Amino acid sequence: MTQIIFTKENVVEQLKRLKTDNSPGIDELPPKFLHEVREEIGAVSAQIFNKLMQTGDVPQEWRDALIVPLFKKGNRSDPCNYRPVSLTSVVCKVMERIVKDNVVELLNEYKVIKGSQHGFTRGRSCLTNLLEFFEEVYERIDEGNPVDVIYIDFAKAFDKVPHKRLAKKLQACVIKGQALT
């Protein structure tokens with residue numbers, strides 16, 4: 001894959017999938033509005049996305065975010081009971097989803113993603129990972145084999161991804177050119 005082509009059809013499809021009750025991003029464009037006018041803006045949005053992909057330039061407004069506190073649980077007067085949520089441009093999210101769908105489809109086609117991968121994989125989650133893990137543990141225990149488990153906390157591990165190394169690995173797989181930048 002050297003480039004990702006945006007079409008009216010894939011833009012309209014992503015706009016159709018928007019959760020209309022979500023909050024707008026910093027650009028104040030409500031998802032409900034974008035969902036309603038998807039047919040009218042699909043073609044021009046595809047042209048804009050293609051141009052941005054060619055230039056490799058993302059508008060500053062799409063990189064900015066409005067940070068709002070989201071209550072988790074407990075005492076509402078305790079700031080520790082809130083987590084920050086970044087509200088970013090919904091239009092940018094639409095473009096990102098199309099890119100992600102194309103990349104994931106390609107990685108699946110070339111069998112780059114292992115079957116043991118659960119995070120960020122459709123139909124899989126932390127729960128499916130845990131269930132598969134327990135199934136294997138119970139099989140070994142039933143066979144009379146000892147099982148040792150070591151727990152490691154990877155909190156904020158994704159924040160520490162070496163991006164240059166990740167780009168090289170993607171390039172080594174099948175993603176090159178504009179699709180990589």
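Predicted model: local features only at pLDDT ≥ 70, side-chain atom pairs only at ≥ 80, totals over all residues.
Trainee: What does V90 touch, leaving out residues up to four places away in sequence?

Mentor: V90 touches L18, S23, P24, G25, D27, L29, P31 and L34. Take L18: V90 and L18 are 72 residues apart in sequence and 8.8 Å apart in space, C-alpha to C-alpha.

Trainee: And N50, buried or exposed?

Mentor: Buried: N50 has 18% relative accessibility, and the cut-off is under 20%. N50 sits in helix 3, residues 38-55. Setting aside neighbours within four places in sequence, N50 is in contact with I4, I5 and F6.

Trainee: On to salt bridges. How many are there by the rule used here?

Mentor: The count comes to six.

Trainee: What makes K8 and E39 a salt bridge?

Mentor: The closest N and O atoms of K8 and E39 are 3.8 Å apart, and the rule asks for a Lys or Arg side-chain nitrogen within 4 Å of an Asp or Glu carboxyl oxygen. The pair therefore qualifies. K8 lies in helix 1 and E39 in helix 3, so the bridge ties together parts that are 31 residues apart in sequence.

Trainee: Why are K8 and E39 called partly exposed?

Mentor: K8 has a relative accessible area of 33% and E39 one of 45%. Partly exposed is the class between buried, under 20%, and exposed, over 50%, so both residues belong there.

Trainee: How do you know that R17 and D101 are a salt bridge?

Mentor: Their side chains meet at 4.0 Å, N to O, and the rule says within 4 Å.

Trainee: What about R124 and E132?

Mentor: Their side chains form a salt bridge at 3.8 Å, N to O. R124 has 29% relative accessibility and E132 has 41%, so each counts as partly exposed.

Trainee: Now the backbone. What makes E28 worth a remark?

Mentor: Phi of E28 is near 65 degrees, a positive value in a residue other than glycine. Most residues other than glycine have a negative phi. E28 is in the loop between helix 1 (8-16) and helix 2 (31-36). At 63% relative accessibility, E28 counts as exposed, because the label needs over 50%.

Trainee: What is said of phi in K111?

Mentor: K111 has a positive phi of about 55 degrees, although it is not a glycine. K111 lies in the loop between helix 5 and helix 6. The relative accessible area of K111 is 69%, and over 50% is called exposed, so K111 is exposed.

Trainee: Finally, the surface patches. Which residues gather in the patch of negative charge?

Mentor: E135, E139, D142 and E143. Asp and Glu count as negative, and like charges are joined within 9 Å. D142 is found in helix 6, residues 126-142. With 68% relative accessibility, D142 passes the over 50% cut-off and so counts as exposed.

Trainee: Which residues make the nonpolar surface patch?

Mentor: L127, L130, L131, F133, F134, Y138, I141, V149 and Y151 make a patch of about 920 Å². Nonpolar side chains, Tyr included, are joined within 5 Å.

Trainee: Why is Y138 called exposed?

Mentor: Y138, in helix 6, has a relative accessible area of 52%.

Note on methods: Residues numbered from 1 in each chain as written. Heavy atoms only, no water. Patch = residues over 30% accessible without salt bridge, like charges linked within 9 Å, V, L, I, M, F, W, Y side chains within 5 Å. Areas by Shrake-Rupley, 256 points an atom, 1.4 Å probe, with all protein chains shown as cover. Charge placed at Lys NZ, Arg CZ, Asp CG, Glu CD. Helix = DSSP H or I, 4+ residues; strand = E, 2+ residues; numbered from the N terminus. Buried < 20%, exposed > 50% of the residue type's maximum accessible area, 1.4 Å probe, protein only. Contact = heavy atoms within 4.5 Å.
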